[in-house]
Structure formats: structure tokens, C-alpha cells
Amino acid sequence: MSTTYWKSIIEDVKMGTPLIITDSEDRENEGDFFVNASVASEFAIKLMLNEGRGLICTPISPEIANKLGLKHMIEENTANLQTAFTVSVDHISNSTGISLKDRLATIRELANKNSKKADFLRPGHIFPLIANAGGLSSREGHTEAAIELSRLANLPDVGVICEILNRDGTIAKRGDLLNLAKKYNLKIVTIDSLKEYLIDNIKYEKIDFPSEYGHFELYNFPVGEEDIVVLKTKGSLSKSPLVRIHSECKTGDVFSSKRCDCGDQLNFSLKEIGKCNDGLLIYLSQEGRGIGFRNKIKSYKIQENDIDTYTANKILGFENDLRSYDHLSLIFKFFKINRLRLITNNPL
């Protein structure tokens, strides 16, 4: 798709004009109506009810799910595609919750930045879906596509999607979707084309970065709520560059803590990458195995009583390791890396 076409798609999202999102034949092979929740209209919801005929759901980011206290519907997800349903909701202003007016009110309030947990009744008639934090680079679903499109339009991380069925109840296929798009003058976006657009248009800042380990280029990629920092050697990379994926550790990286060897690993990696002048170090903001700096200090306090890290994190209510590497595929594609030599002390 051309740049002009993508501009028109983003403009449609901003204006609340519904789109049809399609995925690949080897996945669900279906089309969904999509509109951002903050600009959803009666027309859009009516279209989903009359022409979509599937389940009306609201994709949300993990951050919004956490803010509104929307937890997973069940603890063990055995769905074929691991669709992350939360408990269904209605807004407190609803009457029965099922009418077009009530459903639209719930949808719009999910996107309201001032909404809070107490504003929603559980269960209800709208089904939130928690998008994967890594977006389409981690899960190629309509849920993640809805959030990616919302972000491109600078709208809240809340979408509305509805599977499109034919009148006989069968899944609408490509020909059916083309006819529907023509009937209502709607655009069709494929998940594959959206992924390509995101890779080609990833936002970043780049500066020249001389250091004691060599002359690097520093890239900062703001991906969702995270800043991914990459130090890359100057010039082009080989077909198999040296790569270190390093999770942030303030106590080790900055203050040379004796509780861990993170700082030593960081310095060793930069030295090796600088020496060969062919590679990059990816610095991920996931302190303390993903629990954050404040909780890491609490864990350290517990560990002063001869308790190991795993047990201390359990006492605080965390799993052993919450780190995520979901965004790395986006970074590797940006730098056109298909093979690499990995610096790690965790071969598995």
C-alpha cells in the first residue's frame, strides 16, 4: 500500500470511519469491522450488529486493563488462539446494557481517560480483550491490529471489533468482504500490510555516541510504554553481527552492585561489540526481572533474611521472571538482522 493510502486509512481511524481488518488464510482467515472506541458512532455499532453479526469486543492495552481492573476471564486460557478475554462489562449508566445506546455508552467510556474501575458493572454485554504487549510483532491478531491502528491515529488504546459473518452464519471470505467494503465504501486493511507499514515507519531518535568502548550510534525506540535503547556500531552490519540483549539493572549497571553481575555483563558485552565493530546492544527497560525498581528493592530487603530471589519475588506476589522480549522481532527487522551471534550467560 502507498503512503497516501496509509494516510487515508489513519484519517479514517481518526474520523471514526469503520475499517475491515483481515488476517491470513493460515490463521482465522476472517474479517473484522474495526473502529476506535473514542470515536465510535451509532452508525459503526449498527453496522457491526447488522452486517458483522459476530461478537462485539473491545481490544484494550494491558495498561488500560490494569487501570480499570479488567482481569482475565479465566486463569487457564485453552482457546485455540489464546484470545485474552476479560470479564464482560456494562457502564454504570446503562439500563439493560444490551441496546445499541447502552453498548455504545460502555464502549465510549472504556476509552475515557477519566474512567475508573468502579464505573463498570461486571458481568455485562461488552467483551474487552487484552492485546499482547508486543503488538503485532508478537501476536498477529485482530486485537493487536486494533491497538496498533489506534496508536497510529494518536487515539486511546481501546478499539471495537466484530467478526463479519454472512447471513447464513458462515464466515465471510475475501469475496464477501470486498462486496461489503464496496457497498459501504470502506477500506480493507490486511494484518500483513499493517505489520510491514509499522516496520517501515517505526519511530526512533538517533544520535552519534562515542564511548570508552568504541564509537556507536544510539537509537531510542519508544514502543508502547517502553523505551528500547540500542547501541549499534557505526557503519553496516555483517550477515551475522554480535548482539547482546540486556535487561536494565540500575543497581548493577550504574552502581556496580555486588548482589549481581549485571554490570560486568554489560561492560563485557560493550567491550566485545566495540572490539569487533560489528554488532549492537539492546537495552530493555525491565528492571528486576520485570517487576520494576521499587519492587526490586523490596525483594532485596526480603533477601537480607537469607531468602533467594525466586522466593522473595513469590512473597511479593510475582512470578519468577516477568521479562518480555516481544518487541525484539521489530528491532531485528528494522536493522535487517536474520542471523546473529548472541552474547549470553543463559544458553537456553
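Two strands count as paired here if DSSP finds at least two bridges between them. In this predicted model, strand E3 (residues 53-60) and strand E5 (residues 120-130) run parallel to each other and share four bridges. Within that pairing, Ile60 sits opposite Ile130 of E5.

Zooming out, both strands belong to an open sheet of seven, ordered E4-E5-E3-E6-E2-E1-E7 with mixed pairing. Strand E4 (89-91) and strand E7 (188-190) sit at the edges, each with a pairing on one side only. From one strand to the next, the twist averages 45°. Helix H7 packs on this sheet, touching strand E1 (19-22) and E7, and its direction makes about 70° with that of E7.

Now for the rings. The model has 11 aromatic pairs. Take Tyr204 and Phe334: the ring centres are 5.0 Å apart and the planes meet at 70°, which is over 60, so the pair counts as edge-to-face. Tyr204 comes from the loop between helix H7 (191-200) and strand E8 (205-211), while Phe334 belongs to helix H12 (residues 328-334), 130 residues apart. With 37% relative accessibility, Tyr204 is partly exposed.

Tyr219 and Phe335 are edge-to-face as well, at 5.1 Å centre to centre and 85° between the planes. Tyr219 lies in strand E9 (residues 214-223) and Phe335 in the loop between H12 and strand E13 (341-343), so this pair ties together parts 116 residues apart in sequence. Both Tyr219 and Phe335 are buried. Together with Phe221, these two pairs make up one aromatic cluster: Tyr204, Tyr219, Phe221, Phe334 and Phe335.

There is also a charge over a ring: the charged end of Arg259 sits over Tyr300, 4.4 Å from the ring centre.

Technical notes:
Residues numbered from 1 in each chain as written. Predicted model: local features only at pLDDT ≥ 70, side-chain atom pairs only at ≥ 80, totals over all residues. Heavy atoms only, no water. Phe/Tyr/Trp six-rings, centres within 6.5 Å; stacked < 30°, edge-to-face > 60°. Helix = DSSP H or I, 4+ residues; strand = E, 2+ residues; numbered from the N terminus. Buried < 20%, exposed > 50% of the residue type's maximum accessible area, 1.4 Å probe, protein only. Lys NZ or Arg CZ within 6 Å of the ring centre and 35° of its normal. Axes fitted to C-alpha atoms, helices over the stretch in contact; angles between N-to-C directions. Contact = heavy atoms within 4.5 Å.
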